[in-house]
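Hello,

The structure we discussed is pasted below. My notes on the ligand site and a few local features follow it.

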Amino acid sequence: MKRCLFPGSFDPFTKGHEAIVVQALELFDEVVIGIGINSKKTGLFTIDKKLAHLSALYNHEARIKVTTFQKLTVAFCKEMECTHIVRGLRDTKDFEYEKSIGHMNRAISGIETVFFLTALEHSALNSSIIREMYQNGADISSFVTNPDLLV
Ligand code: ADP
């Protein structure tokens, strides 16, 4: 049984994130989606909304578990008995950022990070731009599945 942790702020969880979960399921038997709770960075959508949104999305998926966490990602990874952390890459900016975190996580815990290259059609999908659009009343349903569950 191979289980991975896909951690993130998911503010909100986009179709780009969704595609990473599909890619992870090709390598792992189970994916734990961990919504990080950061007391210093509250985000636009509440943890309850994010949890409801993701739970509805993956309710019937036996291989996907949705949960929140408020500790070091590697500590949560071990707690959930996940062997690897999964992250998504869109561009060199993501790579530089993820590389540093991946190195530090491996240094402190031995846990490896697996990176999946985003699908071409999702390479411009960015939660912060979607937040901006949402706050200004734009329709975000092309980029987020079931956005009504976030309201
Ligand atoms: P964090 O604040 O932890 O970076 P995010 O929710 O912004 O959380 O992103 C979680 C992960 O998903 C990161 O690895 C990020 O690079 C990746 N990601 C974000 N958007 C996309 C996308 N459109 N396609 C692929 N991966 C993405």
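Strand S1 (3-8), helix H1 (15-27), strand S4 (84-89) and helix H4 (92-109) each supply at least two residues of the shell around the ligand. Helices (H or I, at least four residues) and strands (E, at least two) are DSSP runs, numbered from the N terminus.

On provenance: this is a predicted model, in which local features need pLDDT of at least 70 and side-chain atom pairs count only at pLDDT 80 or more, while totals for chains, interfaces and linings use all residues. Residues are numbered from 1 along each chain as its sequence is written, and side-chain values use heavy atoms, with hydrogens and water left out.

Ligand site. The ligand is surrounded by 17 residues, with Ser9, Phe10, Gly88, Thr118 and His122 the closest; the criterion is a heavy atom within 4 Å. By class, the shell has five nonpolar, seven polar and five charged residues. Here Ala, Val, Leu, Ile, Met, Phe, Trp, Tyr, Cys and Pro count as nonpolar, Asp, Glu, Lys and Arg as charged, and the others, Gly among them, as polar.

- a polar side-chain atom of Arg87, 3.1 Å from a ligand oxygen;
- a backbone N or O atom of His122, 2.9 Å from a ligand nitrogen;
- a polar backbone atom of Leu125, 3.0 Å from a ligand nitrogen.

The protein covers 88% of the 550 Å² of accessible area that the ligand has on its own (Shrake-Rupley method, 1.4 Å probe).

Aromatics. There are five aromatic pairs in the structure, counted when ring centres lie within 6.5 Å. Ring pairs join Phe6, Phe10, Phe13 and Tyr58 into a cluster.

Backbone. The peptide bond from Asp11 to Pro12 is cis, with omega near 5°; Pro12 is in the loop between S1 and H1. Glu81, although not a glycine, has a positive phi of about 55°, and its place is in the loop between helix H3 (73-79) and S4.

Regards

Technical notes: A polar contact is a pair of N or O atoms within 3.5 Å; within protein, one must be able to donate a hydrogen and the other to accept it, and residues adjacent in sequence count only if both atoms are side-chain atoms. Rings of Phe, Tyr and Trp (its six-membered ring) pair if their centres lie within 6.5 Å; planes under 30 degrees apart count as stacked, over 60 as edge-to-face and the rest as tilted.
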